Amino acid sequence: MGVPEPPPGPLTPPAGPPAEEAERALAALRLVAAELGRRAELAGGEAAEVLEAQVLMAQDPMLAEAVTARTAVGVAAGRAVFEAFGVFRAQLAGAGEYLAARVADLDDLAARAVAAAAGRPMPGVPVRDEPFVLVAHDLAPADTALLDLQKVLALVTEQGGPTSHTAILARARGIPAVVGVAGALELTEDELLLVDASEGAVYVAPTDEFVASAREREAARREAAALATAGTEPIRTPDGREVKLLANIGGAVDVADALAAGAEGVGLFRTEVLYLGAHEPPSYEDQLTAYRAVFEGFAGMTVIARTLDAGADKPLPFLPLGEEPNPSLGVRGIRAFRDAGHEHLLETQLAAMAAAAEGTGVDLWVMAPMIADAEEARWFAAKAREAGIAKVGVMIEVPAAALCAREILAEVDFASIGTNDLTQYTMAADRLVGALGGLQDAGHPAVLKLIAMTAYAGAELGKPVGVCGEAAGDPRLAAELIRLGVTSLSMAPAALAEVRAALR
Ligand code: PEP
Ligand code: MG
């Protein structure tokens, strides 16, 4: 993310007297620090730590000095703040791995402070007193994870495909979200919007009758879902095969929702969600506590935990992977640990998972993201087994892995198909690009063929092959996936009832 540059100085836009410009610039830094401090209090936990670190940066006396040195020679407030941050940025970027990871935070802070000093609205999620629909170009996963659910009624973004992590996190948090809406930013403030996430539609200035009928549809949908959840008899195929309906979760906060929705276990525990804002690698002890809180909630059931899936649209601040021309084809998933020299982080995570499961009664399975071939699967399986993990698997989300599913499954105990990435790579359509939403279709015959091949290999070897991408939570696709031989479906807790109803 870059910080938009205000017009160059020293005297454009016309700067007022240096003392006034200095006061305006310093006031902007104070305003930003206060605003971030307020958000830190609201957020709590990991997110609060990130925001508090930003408060400290905004209050750094050296920053204030750099700003006033510029206003003293006639530079306007916005420009002075921009330039002072630029110097800090260069110092941080060159100061080793740990500090370099803070550059993104500094950019975020600089963008807010420059806007405040120049008298423009601050970027980032706006703060309002009344509930609102948030319309944005795009949102970082960390921003989505922090949205105030009391205030944000729905989310509409111009960018982002249906399987972008912003959309997934919004769904997990139960925020109706419609992404990839061309022209969304042309909507004006205070316009009445009706956001129908089940249809993927946004209606501007709907009539009273239309609002009433939407409310009726919503009530009927909830009623049907409640009925489907009431009886949680297992889903069986006509030939008697049981298909478990599992939940995708991001941490202990999701456990109650998953159980209430009748999840029969967890098919994807996205462990990276816990650490999206972490600037230092989570310690063994921190991970032990976080994982145990999840495993205890699913005593007697299976939890499939995924090792950290970093990179592309889910950067982990403590794991700098460098600038890449094409991040989704770059060092991400398992590659971040194997090829980028962070093996010890993976080993710590596996050890923490194994220890956290002990005594909780959970049946723990562990899988790696973005495995490309049998050799990578073998490498991961050896590491996981060494750490004491009994059931080791891989995600199938790279087309090469689906094509070689038999060889890969020979190395591990199970596989889980990540249809979000599998679709992105099969169709060569970036899941973050809203304009390509039409190609991001897991129901496309090309993707279904790869799913069928993987499920067939699993059946041949007698190893489970589930689906944990968003396709599993699509009531229109669920039955087709089972017909292709998939043995379990894992989805956002909010999707469970509708999928169960559709399968019944
Ligand atoms: C997937 O790619 O389908 C998947 C489940 O993983 P993620 O969405 O977290 O990349
Ligand atoms: Mg994936």
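Asp421 is buried, with a relative accessible area of 2%. In this predicted model, Asp421 also takes part in coordinating the magnesium ion (ligand 2), together with Glu397.

**Magnesium site**
- The magnesium ion (ligand 2) is held by the OE of Glu397 and the OD of Asp421, at 2.0 to 2.2 Å.
- These two residues link distant parts of the chain, being 24 residues apart.
- Glu397 belongs to the loop between strand S11 (391–396) and helix H15 (399–403), whereas Asp421 is part of helix H17 (residues 419–427).
- Glu397 counts as buried because its relative accessibility is 2%, under the 20% limit.

**Surroundings of ligand 1**
- Ligand 1 is surrounded by 16 residues, and the closest are Arg270, Arg306, Gly418, Asn420 and Arg431.
- A polar backbone atom of Gly418 is 3.4 Å from an oxygen atom of ligand 1.
- For Thr419, a backbone N or O atom lies 3.1 Å from an oxygen atom of ligand 1.
- For Asn420, the corresponding distance from a backbone N or O atom to an oxygen atom of ligand 1 is 2.7 Å.

**Annotated active site**
- An unreviewed UniProt entry lists His165 and Cys468 under "active site".
- His165 is found in helix H8 (residues 165–172), and with 5% relative accessibility His165 counts as buried.
- Cys468 is located in the loop between strand S13 (465–467) and helix H19 (475–483), and at 1% relative accessibility Cys468 is likewise classed as buried.
- Apart from neighbours within four places in sequence, Cys468 is in contact with Asn248, Gly267, Leu268, Met367, Met395, Ser416, Ile417 and Ser490.

**Gln349 and its contacts**
- Gln349 lies in helix H13 (residues 343–357).
- A relative accessibility of 1% places Gln349 among the buried residues.
- When residues up to four places away in sequence are not counted, Gln349 touches Thr271, Gln287, Tyr291, Arg306, Thr307 and Leu308.
- Arg306, one of these contacts of Gln349, is also listed among the residues closest to ligand 1.

Notes: Residues are numbered from 1 along each chain as its sequence is written. Chains are lettered from A and ligands numbered from 1 in the order in which they are written. This is a predicted model: local features need pLDDT of at least 70, side-chain atom pairs count only at pLDDT 80 or more; totals for chains, interfaces and linings use all residues. Side-chain values use heavy atoms; hydrogens and water are left out. UniProt positions are given in the numbering used here, feature names are shortened, and annotations may be inferred rather than shown by experiment. Helices (H or I, at least four residues) and strands (E, at least two) are DSSP runs, numbered from the N terminus. Buried means under 20% relative accessible area, exposed over 50%, partly exposed in between (1.4 Å probe, protein chains only). Contact means heavy atoms within 4.5 Å. Donors are N, O and S atoms within 2.8 Å of the metal (3.2 Å for Na, K and Ca); water is not among the atoms, so sites may look incomplete. A residue is near a molecule or strand if one of its heavy atoms lies within 4 Å of it. A polar contact is a pair of N or O atoms within 3.5 Å; within protein, one must be able to donate a hydrogen and the other to accept it, and residues adjacent in sequence count only if both atoms are side-chain atoms.
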